[in-house]
Amino acid sequence: MDLLTELENLALGAENENNTLKTRLINTHRPPTQLKARKRDYTTTYLVKLDGPLVSSSKIQEIINASPNYSMSPCLGSNIDPTLPHHRAQCMDQMFLPAQNQYPVWYFFHGTLTDPEILAQKISLLELPVLRQAAVKGGKIKMWGGKYKALVDGSSSAIVDGWAYEVSSEEGEEQLRYYETDQYEAVRCEIHMVDSGEVVKGLTFRFIDD
C-alpha cells in the first residue's frame, strides 16, 4: 500500500468516527417526546361504553348482561329488532321493565303452569295461587317433540291466550326456571289482562328454537 492510499484511509476513518460522535451527542441531548394531551369530551353521554377489544362472544355477552335494563332485549316477537334506535333507551333515566331483580313480577303461562295445583307445587306455595286470564301479542304456539306446546316468536298481530301470575320472590322465579329447563329463556312481554283490560310489563318463557 502506498503512502497516498494510507493517508486516504486514515482520513475516512477519522471522518466516520467524528460523525458517530455527533450522532451520540445529539441522541444524548435530545429532549424527551412530549405526548399531546387529548381533549376530553364532556358533552357525550354513553349508555354503554365499550372499552378494549371484543375478542370473543363471551366478552360481548358479558357486556350485554352488565346492562339488561337499558335494552328491551330479550323480548317476545319476531318483528322487534332491539338494535333499532327507537327500540333502545334514549337516556340514562329510561329503563325497560321488568327490571333485573324486580319483584314482584308478572309471568305469563300458557301450558301446564296454568294449573294452580302444578304451579303451587313447582314454586313451593302453601296455598293455591290465584291466576288471571290473560294474553300476549307477538308469540305463537309450536309443537315440540310431538307433544309439547312451546311458545316462540310470532308476528306483531299474533295472539296467545293463557294466564298470568305475579311471582313474589327471586326464589320462586328460580324454581320456575329450573322447571322450564334450559330449553326455555325468560323474555320480556306485554301481558294483556282479560278481566280489567290493563296491560302490564312482564315475562314469559320462550322456547329456544335451534
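In this predicted model, the exposed residues Glu 171 and Tyr 178 lie on the face of helix α4 that is turned away from the buried side of the helix. Within α4, which spans residues 170-180, the buried residues are Gly 172, Glu 173, Leu 176 and Glu 180; viewed down the helix axis, these fall within an arc of 100° and so line one face. The cover over the buried residues of α4 includes α3 (116-122) together with the strands β1, β5 (159-167), β6 (184-193) and β7. Just after the helix, Thr 181 adopts a positive phi of about 65°.

Five strands close into a barrel of mixed pairing, in the order β1-β5-β2-β6-β7, with a twist that averages 50° from one strand to the next. Strands β1 (residues 105-109) and β7 (residues 199-207) run parallel and are joined by two bridges, and Tyr 107 has Leu 203 in β7 as its bridge partner.

Six salt bridges are present in the structure. Within α4, Arg 177 pairs with Glu 173, their closest N and O atoms being 3.5 Å apart; the two residues are four apart in the helix and are therefore separated by about one helical turn. Glu 173 is buried at 6% relative accessibility, whereas Arg 177, at 36%, is partly exposed.

Arg 206, which is buried at 11% relative accessibility, forms a salt bridge with Asp 153 (3.1 Å, N to O), a pair that links strand β7 to strand β4 (residues 148-153) across 53 residues. Arg 206 also forms a salt bridge with Glu 185, at 2.7 Å between the closest N and O atoms, so that parts of β7 and β6 lying 21 residues apart in sequence are tied together.

Notes: Residues numbered from 1 in each chain as written. Predicted model: local features only at pLDDT ≥ 70, side-chain atom pairs only at ≥ 80, totals over all residues. Heavy atoms only, no water. Pairing = 2+ DSSP bridges. Axes fitted to C-alpha atoms, helices over the stretch in contact; angles between N-to-C directions. Buried < 20%, exposed > 50% of the residue type's maximum accessible area, 1.4 Å probe, protein only. Arc of directions from axis to C-beta. Contact = heavy atoms within 4.5 Å. Salt bridge = Lys/Arg side-chain N within 4 Å of Asp/Glu carboxyl O.
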